Structures are given as C-alpha cells and as structure tokens.
Amino acid sequence: MNHSAPLPLVNSWNEWDPLREIIVGVADRACFEPAEPGYRPALRDSDEPFPTGPKPAEMVDRANEQLDGLVRVLQGQGVTVRRPDALDLTRPLKTPTFEVANQYCVVCPRDVMITLGNEIVEATMSRRARYFEYQAYRKLVYSYWNADPRVAWTVAPKPSMADAMYREDFWEWPLEKRHAEMHNSEFCVTQDEVVFDAADMSRFGRDVLVQESMTTNRAGIHWLKRHLEPRGFRVHPVHFPLDFFPSHIDCTFVPLRPGLVLTNPERPLREGEERMFHDNGWELVEAPQPTSANDEMPRYCQSSKWLSMNVLSVSPSTVVCEEREKPLHDLLDKLGFEVLPVPFRDVFEYGGSLHCATWDVRREGTMEDYFP
Ligand code: ABU
C-alpha cells in the first residue's frame with residue numbers, strides 16, 4: 001500500500017488490520033424476533049411462549065448504554081464511529097411472497113453488511129424479519145459511495161423468503177435426523193435460492209471463509225464465489241459439523257492476526273478444512289470455556305455461550321472483549337494482545353456481541369495473500 005495516498009473510504013481486507021472507521025448498531029425500536037420458517041425463538045429457561053412485539057424501553061436503554069460504551073472505547077482508540085438509522089421495526093410486513101409480524105433490530109450490522117476490500121456487499125439475508133434491515137445502512141452506504149469513486153457497492157440478489165425456501169420441519173427434527181443431516185449440511189433453508197448472511201464470512205486478505213449454515217446455503221456460497229473470485233479473492237466453504245444450529249462464523253473461528261485464529265473447542269472444523277492453515281504455519285488456539293454456561297445466558301438471548309469469543313480487533317495487537325470473559329482476557333494477554341474490556345451482556349439478546357454489533361468499513365492495509 002502507498003502510505004502517502006489516502007486510504008479509500010471503504011477499505012477492509014481482514015478482521016484485524018488497524019481500524020479506522022466502523023459502524024456500531026443501535027437498539028432503538030428493536031422488537032423481539034418473531035417466529036418464522038427460518039427461525040423459532042424460544043426462552044432458555046421455560047416452555048412459555050417467546051414474547052412478541054417491541055422490546056420494553058428499559059431493555060432497549062440498557063443495550064444502548066452498552067453500545068454507546070463501546071463507541072466511547074473505540075473513539076478513545078482514534079476510530080471514527082458512525083451509527084445506522086433506527087428504523088420503525090414494529091409494524092407487520094407484507095411482501096408479494098411472505099408476511100411477518102414485525103422486524104427485529106439494527107443492533108448487528110455484521111449480519112447484513114460486509115466490506116470486502118473496497119467493496120460493500122449487502123447480504124441476501126435468510127430470515128423474513130431481517131429482509132429490509134439493509135435500509136438502516138443505506139444513508140451510510142450512499143455517503144461512502146458518493147464521496148469516493150473507488151468505493152464499489154453490490155446488493156446480493158434478494159431471495160423470495162416464500163414458504164418453499166424453507167424446511168419448516170427442520171425445527172422438529174429428532175436428534176438422529178439432525179446427526180444425519182448435519183453431515184450433509186442441510187438446515188432450515190433449501191438450496192434453491194441464493195441465501196447468505198454476511199456474518200457467515202470471515203476475511204483473511206485474498207481468502208474468504210464462508211460457513212455453510214442455517215443462514216447461508218450452498219447456492220449463497222456459489223454466488224459469493226462467482227462474484228468474488230474474478231475480483232482476486234478465493235472463497236472457501238467451511239463446516240463445523242458438531243454445531244447442530246450453525247449460524248454466523250464469528251463465535252466459532254475468529255482470526256486475530258496473521259498466523260493466529262481463535263477456535264471454538266466444541267466446534268472443530270470438518271476434517272481436511274484446517275489444512276490450509278497448517279500448511280501455511282498458522283496457529284489455531286482454542287478459546288477457553290465461556291464464563292456463562294448456555295443456561296446462564298441472558299433470558300431472551302438466542303445465541304450460544306460462545307458469544308464469549310465474539311471479539312472485535314482494533315489492530316493485530318489490540319482486541320475488545322466482553323468484560324466478564326476473564327479466562328479469554330488471560331489467554332489473549334499471554335498471546336501478546338492488549339485487551340480492552342467492555343460490558344456488553346445487555347446487548348446479547350439482540351443477536352450477538354462485539355463483532356456482531358459492528359461493521360468495519362475502513363482498516364489500514366491491502367489485499368495480502370496469507371496462504372500462498
Ligand atoms: N450471531 C452469532 C451467534 C452464534 C452462536 O450462537 O454461536
């Protein structure tokens with residue numbers, strides 16, 4: 001990279017280069033995620049029905065306080081932080097191909113938006129309640145796209161999200177069938193339409209890993225290959241067969257700097273898929289057990305305890321972590337990182353932790369080949 005030329009406004013090739021600009025989600029007007037063919041929210045501690053409609057104001061305020069706290073920490077590191085628009089998510093949605101009771105939230109830009117080099121890609125999304133979530137980011141996208149001709153912007157094809165796109169019985173599969181199907185990587189979305197959430201991708205310079213999951217199907221990965229490989233990227237489908245409900249790679253396989261990935265000890269890569277890392281001298285380091293067991297996670301949180309490893313890198317030597325995850329702080333400290341702890345548990349019920357709640361738009365650096 002020529003350091004005398006200003007970076008393109010949109011420039012991010014991996015998960016760890018020095019961070020310059022980022023989007024942090026907002027909890028305003030968030031709703032409980034509705035039941036739909038692609039999703040069945042459930043309480044962790046009882047069979048009572050999952051709540052519906054807008055989240056209570058005090059829950060929203062608590063989450064916003066922690067999101068604002070993250071913003072202050074990032075600004076303290078010299079990072080420019082911008083926020084999405086708080087959409088009205090509370091009304092029923094009716095399109096020609098589906099209906100849903102309400103939308104969800106704009107806390108997790110990571111699921112919707114991804115920077116791949118100098119290009120912004122809006123994911124297709126996989127759930128009805130999140131179909132229009134991109135609208136919260138459009139003003140930001142236009143601001144980058146209008147201000148810098150080097151910025152590319154691609155909207156992936158929107159799927160129908162009609163009933164036929166889903167396997168509704170997925171949610172009732174007995175364990176035996178789940179075991180059988182997980183080896184085929186068949187989940188709640190069929191293979192007929194292009195479907196992916198951006199958070200199923202992890203960026204390593206030229207190489208982009210894409211997890212096949214409940215939120216990304218093989219047609220989605222095929223689209224990403226056809227879109228990205230002519231632009232110099234290599235797309236690698238990856239699988240974590242012990243994860244029965246895989247969705248989003250950033251609680252499973254988290255690169256921290258060139259040569260080092262934090263891995264989930266309960267979700268090993270499919271045999272053979274780790275070869276590119278071993279062949280190129282990368283170290284795969286297991287994350288310690290989270291400080292909360294699955295049944296100790298916040299009541300409305302639908303994610304796993306592994307939100308513990310959903311960290312955000314400010315640079316190859318500085319990582320933002322949830323404040324209670326002391327065993328992870330200690331590991332990162334031993335590995336030579338500075339850890340910036342922030343309280344974030346009140347955000348968990350909005351679908352993620354620190355990586356999920358952000359979308360890095362600009363980091364230093366350029367397209368490197370870490371797997372020559
Ligand atoms: N949105 C990330 C959730 C992943 C997990 O529950 O492990």
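Me: Which residues does UniProt list for "active site"?

Reply: The unreviewed UniProt entry lists Asp197, His248 and Cys356. UniProt positions follow the numbering used here, feature names are shortened, and annotations may be inferred rather than shown by experiment. The model itself is predicted: local features need pLDDT of at least 70, side-chain atom pairs count only at pLDDT 80 or more, and totals for chains, interfaces and linings use all residues. Residues are numbered from 1 along each chain as its sequence is written.

Me: Thanks! What makes you say that they gather at one spot?

Reply: The listed residues span 160 residues in sequence, yet no two of their C-alpha atoms are more than 11.5 Å apart, so they gather at one spot.

Me: Why is Asp197 called buried?

Reply: A residue is buried if 20 or more other C-beta atoms lie within 10 Å of its own, exposed if 12 or fewer, and partly exposed in between, with C-beta atoms placed from the backbone. Asp197 has 26 C-beta neighbours inside 10 Å, so it counts as buried. Asp197 sits in the loop between helix H3 (175–184) and strand S8 (201–204); helices (H or I, at least four residues) and strands (E, at least two) are DSSP runs, numbered from the N terminus.

Me: How do you know whether Cys356 and His248 are buried or exposed?

Reply: By the count again: Cys356 has 25 C-beta neighbours inside 10 Å and therefore counts as buried. His248 has 26 inside 10 Å, so His248 is buried. Cys356 lies in the loop between strand S16 (338–342) and strand S17 (358–363), and His248 in the loop between strand S10 (234–238) and S11.

Me: What does Cys356 touch, leaving aside its neighbours within four places in sequence?

Reply: Two residues are in contact if their C-beta atoms, placed from the backbone, lie within 7 Å. With neighbours within four places in sequence left aside, Cys356 is in contact with Cys108, Arg110, Asp111, Ala199, His248, Asp250, Asn310 and Gly351. Asp197, not counting residues up to four places away, touches several residues, among them Asp111 and His248.

Me: What makes the phi of His248 worth a remark?

Reply: Phi of His248 is near 80°, a positive value in a residue other than glycine. Most residues other than glycine have a negative phi. Met161 also has a positive phi, near 55°, and with 26 C-beta neighbours inside 10 Å, Met161 counts as buried.

Me: Which residues surround the ligand?

Reply: The shell consists of Ser247, His248, Cys251, Ser303, Ser304, Trp306, Gly351, Gly352 and Cys356. A residue is near a molecule if its C-beta atom, placed from the backbone, lies within 6 Å of it. By class there are 3 nonpolar, 6 polar and no charged residues in the shell. In that scheme Ala, Val, Leu, Ile, Met, Phe, Trp, Tyr, Cys and Pro count as nonpolar, Asp, Glu, Lys and Arg as charged, and the others, Gly among them, as polar.

Me: How do you know that S11 and S12 pair?

Reply: Two strands pair if DSSP finds at least two bridges between them. Strand S11 (residues 253–257) and strand S12 (residues 260–263) have 4 bridges in the antiparallel sense, so by the definition they pair. Arg257 stands opposite Leu260 in S12. S11 and S12 form a hairpin with 2 residues between them, and Gly259 in the turn has a positive phi of about 95°. S12 also pairs with strand S13 (residues 283–286), in the parallel sense over 4 bridges, where Leu262 stands opposite Val285.

Me: What makes S17 mostly covered?

Reply: In S17, 6 of its 6 residues are buried. Strand S1 (residues 19–24) pairs with S17 in the antiparallel sense over 5 bridges, and Val24 has Thr358 in S17 as its bridge partner.

Me: Why is Leu9 called partly exposed, whereas Pro290 is called buried?

Reply: Leu9 has 18 C-beta neighbours inside 10 Å, so it counts as partly exposed. Pro290 has 22 other C-beta atoms within 10 Å and is therefore buried. Leu9 belongs to the segment before S1, while Pro290 is in the loop between S13 and strand S14 (312–315).
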